[in-house]
Amino acid sequence: MLLIMKRSISLSKYLLLLFCLPLLLGFSHNPKYITESLEYHIVRKDETLYSISKKHKTTVEDLKRINHLDSNKILIGQKIYLQDRESTAEFYVTIRAIPKCGFHLVHKGETLYRISKMYGLTIIDLMNYNHLSSYTIIPGDKILLKLGSETYSQTPKKVIEKSTESPKTKITQDTKYHIVKKGETLFGVAQQNKLSVYELKDYNNLASNTIFTGQKLYLNPQKNSTEKYLKKPKKLSKNEFKKYGLIWPCKGIITSPFGLQDGKPHNGLDIAASNGTPIKSVLDGEVAYSDWQRGYGNVLILKHDNGLMTVYAHNKKNIANKGEKITKGQTIAQVGSTGNSTGSHLHFEVRLQGRAMNPQFFLP
């Protein structure tokens, strides 16, 4: 009996040593990742984002951008990607079919990027369909998810979807309105009356979402209320385009101009240049978007004063980060061939008040 007890104790010691040995050697019984790769780095004990960036000859900013990190905090066993990659839409949201109505009603907390992932579209698709003059969207906005009957038009697509009648026939004698009560918001009034915020603002010529108690809000179109969505953009002379003072984003040869290409709209210029050529900001501005987009590869979108936005696509590398203030002539990216591209070039767009314009009108 005593012999059996001694053997049991010895066996227990052996099993305990077998369990603890990997821990003593720095291994885990349940590692998060065990496969090394040239595409990513597995975080080890005492490593920081800074030490990893130095080891792989990159920057902390690039690692944060590539891995969608909001801070420098990382965990042991975490997978840190070292280069840009195309993420699947399912990584962010569940992809779904475009509804029959053809638009998405923006809810609280949604961004243009999230909506693009929801429907398998790109940011640039949504800009084209909606002629967006700002990257910012608010609850109640209607975001068109496909083109209408016109395949290539300078006419805004932000129209009233509830009717195909002309603005004049929509104006009726039976004017409906809502008197704002204490605590009500524009979004709440819009939802209550089955309207979008931008329709309500349009009907009442509101420049912001601010309303006050006792205010009368019209609930149907008033005289000239839809003109800003239906009228064609004002024609500008060549001198008026030049006054914005744009510079060329990079040196190169234009291989594909603005306009219809094989029956499809091409909303920018394709400028062929060597891989890694610096891309400059054409004006002072702020980075509205800096990430990967299906088809366009690495994309940068800058917003400027006077209702201008510029787009830089197929970049080898985005240098500027979202929210960063940019000065005219500053290097923001490098020419590359990411996304659907047959060679190293920059796809460059200029948008004025949300409409894609020929960049050559603005360039010197």
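What share of the contacts in the chain with a separation of 6 or more is accounted for by residues 24 or more positions apart? The figure is 62%, where a contact means heavy atoms within 4.5 Å.

This is a predicted model, in which local features need pLDDT of at least 70 and side-chain atom pairs count only at pLDDT 80 or more, while totals for chains, interfaces and linings use all residues. Residues are numbered from 1 along each chain as its sequence is written, and side-chain values use heavy atoms, with hydrogens and water left out.

Begin with the whole chain. Its secondary structure comes to 11 helices and 19 strands. Both are DSSP runs, numbered from the N terminus: helices are H or I with at least four residues, strands are E with at least two. Of the 364 residues, 43% are buried. Buried means under 20% relative accessible area, exposed means over 50%, and partly exposed lies in between, with a 1.4 Å probe and protein chains only. The accessible surface comes to about 21200 Å². Carbon and sulfur atoms hold 55% of that surface. These areas come from the Shrake-Rupley method with a 1.4 Å probe; for residues, only the protein chains shown count as cover.

Now turn to strand β18, residues 345–352. Eight of its eight residues are buried, so the strand is largely enclosed by the rest of the structure. In a regular strand the side chains alternate between the two faces of the sheet. His 345, His 347, Glu 349 and Arg 351 point one way from β18. Leu 346, Phe 348, Val 350 and Leu 352 point the other way.

Which strands pair with β18? Strand β10 (residues 269–272) is joined to β18 by four bridges, antiparallel. Two strands pair if DSSP finds at least two bridges between them. Asp 270 has His 347 as its bridge partner in β18. Strand β14 (residues 308–315) also runs antiparallel to β18, with six bridges. There, Met 309 is partnered with Arg 351. Strand β19 (residues 355–357) pairs with β18 in the antiparallel sense over three bridges. Val 350 stands opposite Met 357 in β19. The hairpin of β18 and β19 has two residues between the strands, and Gln 353 takes a positive phi near 50° there.

Another sheet is open and antiparallel, with three strands in the order β11-β17-β15. Its edge strands, β11 (278–280) and β15, each pair on one side only. Three bridges join β11 to β17 (residues 331–334). Pro 278 is partnered with Gln 334 in β17.

Charged pairs come next. Side chains of opposite charge can pair when their charged atoms come close. A salt bridge is a side-chain nitrogen of Lys or Arg within 4 Å of a carboxyl oxygen of Asp or Glu. The count is four. Among them is Lys 317 with Asp 62, whose closest N and O atoms are 3.0 Å apart. Lys 317 lies in strand β15 and Asp 62 in helix α3 (residues 60–66), so the pair ties together parts 255 residues apart in sequence. Lys 317 is partly exposed at 29%, whereas Asp 62 is buried at 5%. Arg 351 has a relative accessible area of 1%, and Glu 349 has 2%.

Last, the cysteines. A search of the whole structure finds zero disulfides, each defined as a pair of cysteine sulfur atoms within 2.5 Å. Cys 101 is partly exposed at 46%. Cys 250 is buried at 7%.
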